[in-house]
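Q: I would like to learn how to read the features of a model such as this one, step by step. Please show me the general idea each time, and then the case at hand.

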Amino acid sequence: MISSLVINESLLEQALYIGGMETQNETVNLALEEFIEKRAKEDVLSLFNTVEYDVNYDYKKLRGN
């Protein structure tokens, strides 16, 4: 897929330097991968404290011990 994007040149140069990539294309692809990974983790973290547990649940009883 060929796209025409307007990318902040200063940000791209910083990302190239920090990431150690050789090309702008590699840098943008890595940045997109890291962005997606970060957002996916945030989605999982948002689930914490959303599950309600039965106060009478006895996991030890289910073990048979």
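**Reading a helix pair, a pocket and a loop**

A: Helix 1 (residues 9-19) and helix 2 pack at an angle of about 90 degrees, and their axes are 10 Å apart; helices (H or I, at least four residues) are DSSP runs numbered from the N terminus, while axes are lines fitted to C-alpha atoms, for helices over the stretch in contact, with angles running from 0 to 180 degrees between N-to-C directions. This is a predicted model, in which local features need pLDDT of at least 70 and side-chain atom pairs count only at pLDDT 80 or more, whereas totals for chains, interfaces and linings use all residues. Residues are numbered from 1 along each chain as its sequence is written, and side-chain values use heavy atoms, with hydrogens and water left out.

Q: How are helix 1 and helix 2 oriented to each other, roughly parallel or roughly perpendicular?
A: Angles of 65 to 115 degrees count as roughly perpendicular, those under 35 as roughly parallel, those over 145 as roughly antiparallel and the rest as oblique. Helix 1 and helix 2 are therefore roughly perpendicular to each other. Their contact (heavy atoms within 4.5 Å) is made by E9, L12, E13, A15 and L16 of helix 1 together with Q24, T27 and V28 of helix 2. By class, the residues of this contact comprise four nonpolar, two polar and two charged, where Ala, Val, Leu, Ile, Met, Phe, Trp, Tyr, Cys and Pro count as nonpolar, Asp, Glu, Lys and Arg as charged, and the others, Gly among them, as polar.

Q: Is T27 buried or exposed?
A: Burial is read from relative accessible area (buried under 20%, exposed over 50%, partly exposed in between, with a 1.4 Å probe and protein chains only). T27, which belongs to helix 2 (residues 24-45), has a relative accessible area of 5% and is therefore buried. Leaving aside neighbours within four places in sequence, T27 is in contact with L12, A15, L16 and M21.

Q: Where is M21, and which residues does M21 touch?
A: M21 sits in the loop between helix 1 and helix 2, and because its relative accessible area is 29%, M21 is partly exposed. Not counting residues up to four places away in sequence, M21 touches L16, E26, T27 and L30.

Q: How exposed are G20 and E22?
A: G20 lies in the loop between helix 1 and helix 2 and counts as exposed at 55% relative accessibility. E22 is also found in the loop between helix 1 and helix 2, and E22 counts as exposed at 76%.

Q: Which residues line the largest pocket?
A: Rolling a probe the size of a water molecule over the atoms shows where empty space is left. The largest pocket is lined by L5, I7, L12, Q24, N25, V28, N29 and L32. Helix 2 gives the most to this lining, with five residues, and by class the lining has five nonpolar, three polar and no charged residues. On a 1 Å grid over the protein atoms alone, a pocket is an open set of points where a 1.4 Å probe fits, with protein on both sides within 12 Å along at least five of seven lines, and lining residues have an atom within 4 Å of a point.

Terms used: Helices (H or I, at least four residues) and strands (E, at least two) are DSSP runs, numbered from the N terminus.
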